[in-house]
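Visitor: Could you take me through one part of this model in detail? I would like to look closely at the side of one chain that touches its partner, and then at the chains themselves.

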Amino acid sequence: MVEYAPYPDATQPAVNSERYFRTSQLAPSQSFIEAPVTLSEITGPLFSREGVPADEADLTAGGKALGQLMILAGQVRDEDARPLPGVLVEAWQANASGKYRHPVDGRDAPLDPNFVGAGRAVTDSEGRYRFVTIKPGAYPVPNSGNWWRPPHIHLSIYGYAFMSRMITQMYFPGDPLNEIDSIFMSVPDADARSRLVAVADTSLGLHEHALGYGFDIVLRGRDQTPMEDEGLQA
Amino acid sequence: MSAAPTASQTLGPFFNYALPSIADLTGGGKAEGRSILLRGCVTDVNAAPVRDALVEIWQANAAGGYAHPLDRDDARPRDPHFSGFGRVLTDPEGSFSFTTVMPGPVPFEGNRWQAPHISVAVFAAGLLRRIRTRAYFPDEELNAEDPVLAAVPSGRRALLVAEAQEGGYRFDIRLRGENETPFFGD
């Protein structure tokens, strides 16, 4: 039987964080209710590889985007360290100048016509995903007292269950902005934070062409059965 | 061997081009069952609308079956035209809307049943984690014995029951403050 126990202590950010000013407006003030985990929670949307063309994992328009070309690759596993095939991973990020292709991003920085900044992939039979992208720039958060977000890539992941749904951000090793970032530091446990930092690994890159970064993802849940062939939609 | 779960991080404000909406769960009206609109508004501590929040839903089909291999029961067959999954971002008024079908009752352990319900998750800039709740429906006899609704303090249960309105139901999500929506632990 699949199991979705509560998240282990300290692996997740607090719902209310003094470090992140917006939580006082939005985050629930009342305690979360402990309720049974039922069929409704151990099921969830599934996605097929057939529905996601391979070129959607290239954010660079075939290498034309400006910036430091890089490969982001990793494995998605469950809490038993079992690989999870057939998992939809969606990525989005700022361009090399730290600008998002989004109307709300009013910052005076150039857009890159060859960089849309979003892609998606479905994990293979070993639970692996791989994106071709460029290293994003840092950017200032408006009206925040000179808070700069460190370079990061947003990742949205659907496991096999409503309970294992996860959205996170991947950070770059050695960036001095990491340790002073309110969102990164909202995770109280140093080990849990370190798992949000990618590993620089040129062997994942392209020879004399692209840097490589490894970023493995662990979704909540134990005793998962691979569902690669069960993908229903995309 | 065990592995620690990756930490959640906030959705941020700039995602809409990366996470396209799936607002119609019915395959353009081909799904079995009574078609309904599930609409609502996401609001903050000041009852102000929250724009660009991501609202996701997951539900059984009209027969109470989930489109998932862990749910195999011929009495509650899959509907090839119904995925059970939707996601939309809220508009500048904080509003969201899904076209779906009325879900059937879903089994619980020990030959018990869950009342018809839709699982709802919210992500937003300002929320460091996903939060999740459920929308129930008015005038359902099974509400009285639903095991998840029973875990909610009795004085707050009504906040999880959607309001009937023309064409469907209204389910507002009050993230914080007065009449705060009950949320379930992750």
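Guide: Here is a walk through the contact between the chains, followed by each chain in turn.

Please keep in mind that this is a predicted model, in which local features need pLDDT of at least 70, side-chain atom pairs count only at pLDDT 80 or more, and totals for chains, interfaces and linings use all residues. Residues are numbered from 1 along each chain as its sequence is written, while chains are lettered from A and ligands numbered from 1 in the order in which they are written.

Let us start with the contact, to which chain B gives 59 residues and chain A gives 66 residues; two residues are in contact if their C-beta atoms, placed from the backbone, lie within 7 Å. On the side of chain B that touches chain A, the elements that give two or more residues are strand S5 (106-108) and strand S7 (117-123) of chain B. Helices (H or I, at least four residues) and strands (E, at least two) are DSSP runs, numbered from the N terminus. S7(B) provides the largest share of that side, four residues. By residue class, the side of chain B that touches chain A has 38 nonpolar, 14 polar and seven charged residues. Here Ala, Val, Leu, Ile, Met, Phe, Trp, Tyr, Cys and Pro count as nonpolar, Asp, Glu, Lys and Arg as charged, and the others, Gly among them, as polar.

Now to chain B as a whole, which has zero helices and eleven strands.

In chain A, 44% of the 234 residues count as buried.

One of the buried residues is Ala65(A), with 21 C-beta neighbours inside 10 Å. Ala65(A) sits in the loop between helix H2 (39-42) and strand S1 (69-77) of chain A. Pro113(A) is 48 residues from Ala65(A) in sequence, yet their C-alpha atoms are 7.7 Å apart.

Definitions and conventions. A residue is buried if 20 or more other C-beta atoms lie within 10 Å of its own, exposed if 12 or fewer, and partly exposed in between; C-beta atoms are placed from the backbone.
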